[in-house]
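Please look through the sequence and the model below, with attention to charged pairs, ring pairs, the nonpolar core and the surface. The paragraphs after it take these topics in turn.

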Amino acid sequence: MRFNKLMTLASRITLARLLLVPVFAVFAAYYGASVAAGSPDERLRLAALATFITAAVSDGLDGFIARRFHQRSEFGAVIDPLADKALLLTGIITLTLVDWGPDGWHIPIWFTAVVIVRDIIILGGILVLHFINQKVRIAPSWVGKTCTVTQMVALGWVMLRVVPFSPIYPAAIATVFTVWSGIDYFREGLRQLQGTEQTKPGTHP
């Protein structure tokens with residue numbers, strides 16, 4: 001019964017987004033295999049694209065429902081960022097390992113490495129702050145939001161194949177904001193850590 005109370009409509013949509021992540025990965029992997037075999041199956045590409053778009057749109061939908069119908073919950077607060085990160089990272093890693101066209105039409109591996117290292121550092125910082133402060137205050141910033149947008153653009157650039165220019169260009173722009181947002185989060189973590197040190201007994205405010 002308690003689980004049903006936690007599972008609001010917004011949370012169900014978020015959970016559905018999380019479940020769509022492996023579906024996208026399977027479609028993308030099979031499409032990549034068809035490209036490697038020299039006979040690209042465009043139905044698989046469109047299926048992967050439709051799955052990814054559906055999952056991405058659900059991100060805004062569950063947030064709207066949670067705000068509009070007062071369905072915020074602790075479960076939703078945990079599962080929503082998890083689903084977002086799972087979708088984004090799966091998309092980036094999959095499109096790095098899988099060619100979506102001739103001449104290496106995929107996400108550059110150096111971009112993926114930067115994204116993964118940044119996320120590991122941020123996760124490590126959160127764990128440290130939680131251990132010391134018992135709580136972590138993370139406020140969205142325009143740099144972080146821009147970082148997410150540029151990463152999504154890089155993914156769309158590869159999957160849509162509308163613009164003939166190499167995916168290296170959007171990946172380079174996304175890399176700048178990925179590093180920038182990582183530095184921004186690191187500085188905020190230091191600020192919170194220094195604030196904790198100043199409030200310890202025997203220290204001056």
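Arg43 forms a salt bridge with Asp41, and the closest N and O atoms are 3.1 Å apart; a salt bridge here is a side-chain nitrogen of Lys or Arg within 4 Å of a carboxyl oxygen of Asp or Glu. Arg43 counts as exposed because its relative accessibility is 67%, where exposed means over 50% relative accessible area, buried under 20% and partly exposed in between (1.4 Å probe, protein chains only). The model is a predicted one, in which local features need pLDDT of at least 70 and side-chain atom pairs count only at pLDDT 80 or more, while totals for chains, interfaces and linings use all residues. Residues are numbered from 1 along each chain as its sequence is written, and side-chain values use heavy atoms, with hydrogens and water left out.

By the salt-bridge rule the count comes to 10. One of them joins Asp80 and Arg17, with 2.7 Å between the closest N and O atoms. Helices are DSSP runs (H or I, at least four residues), as strands are (E, at least two), and they are numbered from the N terminus. Arg17 counts as buried at 0% relative accessibility, whereas Asp80, at 22%, counts as partly exposed. Asp119 and Arg118 also meet through their side chains in a salt bridge, at 2.7 Å from N to O. Here both partners are buried: Asp119 has a relative accessibility of 13%, and Arg118 has a relative accessible area of 11%. Salt bridges that share partners join Arg17, Asp59, Asp62, Asp80 and Asp84 into one network. As a general point, side chains of opposite charge can pair when their charged atoms come close.

The next topic is the ring pairs. The whole structure contains 4 aromatic pairs, a pair being two rings of Phe, Tyr or Trp (its six-membered ring) with centres within 6.5 Å; planes under 30 degrees apart count as stacked, over 60 as edge-to-face and the rest as tilted. Trp142 and Trp180 form an edge-to-face pair, 5.2 Å centre to centre and with 85 degrees between the planes. This pair links distant parts of the chain, with Trp142 in helix H6 and Trp180 in helix H7, 38 residues apart. Trp142 is exposed at a relative accessible area of 53%, and Trp180 is partly exposed at 40%. The rings of Phe177 and Trp180 have centres 5.8 Å apart and planes at 15 degrees, so that pair is stacked. Phe177 and Trp180 are separated by about one helical turn because they are 3 residues apart in helix H7. Phe177 is buried, with a relative accessible area of 18%. Together, Trp142, Phe177 and Trp180 form one aromatic cluster.

Not counting residues up to four places away in sequence, Thr150 touches Ile173, Ala174 and Phe177, contact meaning heavy atoms within 4.5 Å. Thr150 is buried, with a relative accessible area of 11%. Another threonine, Thr51, is found in helix H3 and counts as buried at 9% relative accessibility. With neighbours within four places in sequence left aside, Thr51 is in contact with Leu20, Val23, Phe24 and Phe27.

What does the largest nonpolar core contain? The core has 26 residues, and those with the most contacts inside it are Ile92, Leu95, Trp100, Ile107, Phe111, Leu155 and Met159. Such a core is a set of buried Ala, Val, Leu, Ile, Met, Phe, Trp, Tyr and Cys residues joined through side-chain atoms within 4.5 Å. At least two residues each come from helix H2 (9–36), helix H3 (42–68), H4, H5, helix H6 (142–160) and helix H7 (168–198). Beyond its neighbours within four places in sequence, Ile92 is in contact with Ile107, Phe111, Thr112, Val115, Gln151 and Leu155. In soluble globular proteins, nonpolar side chains tend to be buried together.

The surface has a nonpolar patch too. Ile93, Leu97, Ile116 and Ile120 make a patch of about 370 Å². The elements giving two or more residues to this patch are helix H4 (74–97) and helix H5 (109–133). Leu97, in helix H4, counts as exposed because its relative accessibility is 69%. Patches are made of residues with over 30% relative accessible area and no salt bridge, where like charges are joined within 9 Å and nonpolar side chains (Val, Leu, Ile, Met, Phe, Trp, Tyr) within 5 Å. Accessible areas come from the Shrake-Rupley method with a 1.4 Å probe, and for residues only the protein chains shown count as cover.
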